[in-house]
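Here's a quick tour for anyone meeting this structure for the first time. Have a look at the sequence and the 3D view, then read on.

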Amino acid sequence: MNSPTWLQTKAPQISLILITVIWGGSFLTVKYGLNYSTPVMLVGLRFAAAALAVSLLSLKYLKGFNAYEVFAGFCIGAAIALGYGTQTIGLQSISSSESAFLTALYVPLVPIFMWLCFKSRPHIMTWLGVCFAFAGLVFLTGNGFGTIQLSFGQLITILGSIAIAFEIILISYFASKVNLRRVTVLQLAFASLLCFIIAPLNGETHLPSFEWPLLAVLFALGCASAVIQLVMNWAQRMVEPSQAAIIYAGEPVWAALIGRIAGERLPALALLGGCMVVLGVIISEWRPKFLKKRRMHSSQE
């Protein structure tokens, strides 16, 4: 029996890297879509397309929905609607590169919120990563440590990253108790529905008029969201969460690279801040061996 090749053994990691490229490119795609639609309506249509795409890929699983799965789908969908809705509103006034770096703050925020909600004490590296991410945030938003002032676009994007952090926590909480395929469809459908319900609160009372570029954007975003979700569910069964989080830290880097190719230019200080945010994300998930040995030694004593 032939042993698996290097490519076969690394397929989950390579798949996650590829979806971070797709994920990074989606920021610029959404920003382009805002030329043809208001923000919350665009998110509602985006996740309606994603729900349809995942449904078509999961037809054999879409039987036997129960009340708990509907509840789980609603909770996760509400976090998605809030996270991506605010992120897309923010994209009206900040670049796709800046939005991606600010959104990446959700990674070090997850263990902090886990601590607040479930008393799960964060690792010391998490706190160190949060410090780096905060310092990066200060530089990224163009401020000094003396006066930290956020524009509306920056502030609402950070609020979106908080909502996305809760999305990750809710997915982890419900994952072992539900059918993931069914809940994925439900969460996307609820995210879409909730966006259409709250859109009037943002002054969006009409669906965008039909235009082919908008249809192309929705098709691309719907397929991307479906592929990202399905690949994450498959690959993270074989990739450790810490390794996956480090791979995901590359997403804002890809967004910045794609944005630069498209003509976006962040100031040097903002780029430094973005790099510090990514470094904070990596540090927050890094567990050095000497710290593990020290912890084991302490527990034995």
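Two residues are in contact here when they have heavy atoms within 4.5 Å. Leaving aside neighbours within four places in sequence, Tyr106 is in contact with Trp23, Ser161, Ile164, Ala165, Ile168 and Tyr248. This is a predicted model, so to speak of local features takes a pLDDT of at least 70, side-chain atom pairs count only at pLDDT 80 or more, and totals for chains, interfaces and linings use all residues. Residues are numbered from 1 along each chain as its sequence is written, and side-chain values use heavy atoms, with hydrogens and water left out.

**The cores**

- A nonpolar core is a set of buried Ala, Val, Leu, Ile, Met, Phe, Trp, Tyr and Cys residues joined through side-chain atoms within 4.5 Å.
- Buried means under 20% relative accessible area, exposed means over 50%, and partly exposed is in between (1.4 Å probe, protein chains only).
- The largest such core has 63 residues, and Leu16, Phe47 and Tyr106 have the most contacts inside it.
- Helix H3 (residues 39-57) gives the most to this core, with eight residues; helices are DSSP runs of H or I with at least four residues, numbered from the N terminus.
- Another core, of eight residues, lies apart from it, and Leu34, Val217, Leu218 and Leu221 are among its members.

**The salt bridge**

- A salt bridge needs a side-chain nitrogen of Lys or Arg within 4 Å of a carboxyl oxygen of Asp or Glu, and by this rule the count comes to one.
- Arg182 and Glu69 are the partners, at 2.9 Å from N to O, and both residues are buried.
- Arg182 sits in helix H9 (residues 180-198) and Glu69 in helix H4 (residues 67-90), so the pair ties together parts that are 113 residues apart in sequence.

**Glu264**

- You'll find Glu264 in the loop between helix H12 (251-261) and helix H13 (268-285).
- Glu264 is buried but has no salt bridge; Lys31, the nearest side chain of opposite charge, is 5.5 Å away (Lys and Arg count as positive, Asp and Glu as negative, while His and the chain ends are not counted).
- The side chain of Glu264 makes polar contacts with the side chains of Ser96 (2.9 Å) and Ser97 (2.8 Å).
- A polar contact is a pair of N or O atoms within 3.5 Å; within protein, one must be able to donate a hydrogen and the other to accept it, and residues adjacent in sequence count only if both atoms are side-chain atoms.

Terms used: Helix = DSSP H or I, 4+ residues; strand = E, 2+ residues; numbered from the N terminus.
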